[in-house]
Amino acid sequence: MVKARMKIGFHLLFKSRFWSIFLFLALLFGIRWTKGAGYLDLYSILIKPILPGTAQKEWIKEGENIERSIRLQLLEKDNTRLRKALSLKEYNGKKRISAAVISRSSRNWWRQLEVNKGSKDGVLKGQTVIGPGGLIGLVDSSTPLTARVRLLTDPGHQLGAWIARTKRHGILTGMGTNRPKLIFLNKNSLAKIGDAVTTSPASTLLPPNLTIGIVQFVNEKALPSPYAIVQLTASPDAIDWVQILNNNGKK
Amino acid sequence: MAKNNKKLFIFFTIIYLQACITISPDWLKINGITPCWPVILLLPFSLKNSRLKSAAASIFLGIFVDSFTIGDVSYVPSLFLLSLAWSTYGLHNKKIDLFLNIGLMAIFGTAFVGLSIWFQKIIFYSVLRNNWFHSWSIYILISEVIVTGLVAPIFSSWLLFAYKKN
């Protein structure tokens, strides 16, 4: 008797609209729960053929690069003309000597590199060494076939730098860590995190406007003068090839 | 005998030490820090020879190593003092060829050399005087001590046996 009743009950349940209502509600709940993810994905798949493809993106990028290079050339010409007008030292980026790193001691008591070009190729003491990213150090000594580069991170290594945005000068001092310290000459540095640190455009010792790094930390209250910690844009730990600016790029 | 000692020392200094400093193989580094090679070479020589010879060798070695580094900081003072101490210890102690004993002496020697370089840097570069407790110095010191402590028992012991055989 009980079995027969159960049979009838299930039969009625399957025959009624219960399942269609249940599925509809489950679908609705699923859409609500996923916030319409399925719909959005379907939409993106459907409109994909209409969207601009990768080729178009590349054309735009190429166009932008050409525009940038033309603008850069114009600005460089303008810069050279203005520097001449101000009787400042000129910088010639083409006078570069490429050299391979043959020995590296970038984490020891002395932070230095040995490169495979020396006085025979025109590498002399005091010349600027740059790597991918910007300035990495200065030539400390040279032999006929090799040169020793003192890195910016070497403890006690000092050179002049400035922040172009604030036009404030400072002395970039190696502290033995990977981040040198920029000790400002003014009481108010006005520096902010993210500011670019470069060589001074009026420098006579170093080529002007060479990228050094980015400000990572500023201590305005430090005594006797405020300082900033600079993250170098060129990493001496990973560089295998460097470029030495012959005669420091001066014409 | 003494001539052979001297020859071995000069050979290792001029060929081996120079190669170790310049090539600085990655598998012999801890956090990019190489072993203190002058200590590894000087230790067995000082233990086997008299004070005068050890002192002369330390000055020679110090000047040689200084030529591969930049700046005014020198290895000579610390190596000189170490050579005197080790040669005195070596003359009075007959069990100097103990494996761990050599490693321990190299560890103390490296720490002494490291501290000497650190203090010299503080003296020469006024900028570093603003903050006496330099994290980079401690980092280098500890790494150098560890890696020298690992290399010295093998290399210095072998060199000491070689000196003794000669």
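This report walks through the chain contact, a pocket, the salt bridges and a few individual residues of a predicted model.

## Ground rules

Because the model is predicted, local features need pLDDT of at least 70 and side-chain atom pairs count only at pLDDT 80 or more, while totals for chains, interfaces and linings use all residues. Residues are numbered from 1 along each chain as its sequence is written, chains are lettered from A and ligands numbered from 1 in the order in which they are written, and side-chain values use heavy atoms, with hydrogens and water left out.

## Where the chains meet

Let's begin with the interface. Chain B brings 28 residues to the contact and chain A brings 22 residues, where contact means heavy atoms within 4.5 Å. The area buried between the two chains is about 2,100 Å², and carbon and sulfur atoms give 60% of that; buried area is the accessible area (1.4 Å probe) that two parts lose on being put together, summed over both. I70(B), V127(B) and W136(B) supply 32% of the area that chain B buries against chain A, more than any other three residues.

How many salt bridges cross the interface of chain B and chain A? The rule finds zero there, a salt bridge being a side-chain nitrogen of Lys or Arg within 4 Å of a carboxyl oxygen of Asp or Glu.

## The second largest pocket

The second largest pocket has a volume of about 530 Å³. On a 1 Å grid over the protein atoms alone, a pocket is an open set of points where a 1.4 Å probe fits, with protein on both sides within 12 Å along at least five of seven lines, and lining residues have an atom within 4 Å of a point. Grid points are joined across faces, edges and corners, and the volume is the space filled by probe spheres set on the points.

Its lining counts 33 residues, and Q112(A), I21(B), T22(B), F68(B) and T69(B) lie nearest the centre. Both chains contribute: β1 (96–105), β2 (112–115), β4 (134–142) and β5 (147–151) of chain A, together with α1 (2–23) and α2 (37–48) of chain B, each supply at least two lining residues. Helices (H or I, at least four residues) and strands (E, at least two) are DSSP runs, numbered from the N terminus.

## Salt bridges

Over all chains the count comes to five salt bridges. In one of them, the side chains of D240(A) and R104(A) meet at 2.9 Å, N to O. This pair links distant parts of the chain, with D240(A) in the loop between β11 (227–232) and β12 (241–245) and R104(A) in strand β1, 136 residues apart.

R165(A) and D195(A) form another, at 2.7 Å, N to O. R165(A) lies in the loop between β6 and β7 and D195(A) in the loop between β8 (181–184) and β9 of chain A, so the pair ties together parts 30 residues apart in sequence. R165(A) is partly exposed at 46% relative accessibility, whereas D195(A) is buried at 7% (buried is under 20%, exposed over 50%, partly exposed in between, with a 1.4 Å probe and protein chains only). R150(A) and D154(A) also pair, at 2.6 Å, N to O; R150(A) is buried at 13% and D154(A) is buried at 1%.

## Two backbone exceptions

Most residues other than glycine have a negative phi. K167(A), however, has a positive phi of about 60°; this residue is found in the loop between β6 (158–163) and β7 (168–173) and is exposed at 56%. N209(A) has a positive phi near 55°, sits in the loop between β9 (196–198) and β10 (211–219) and is partly exposed at 40%.
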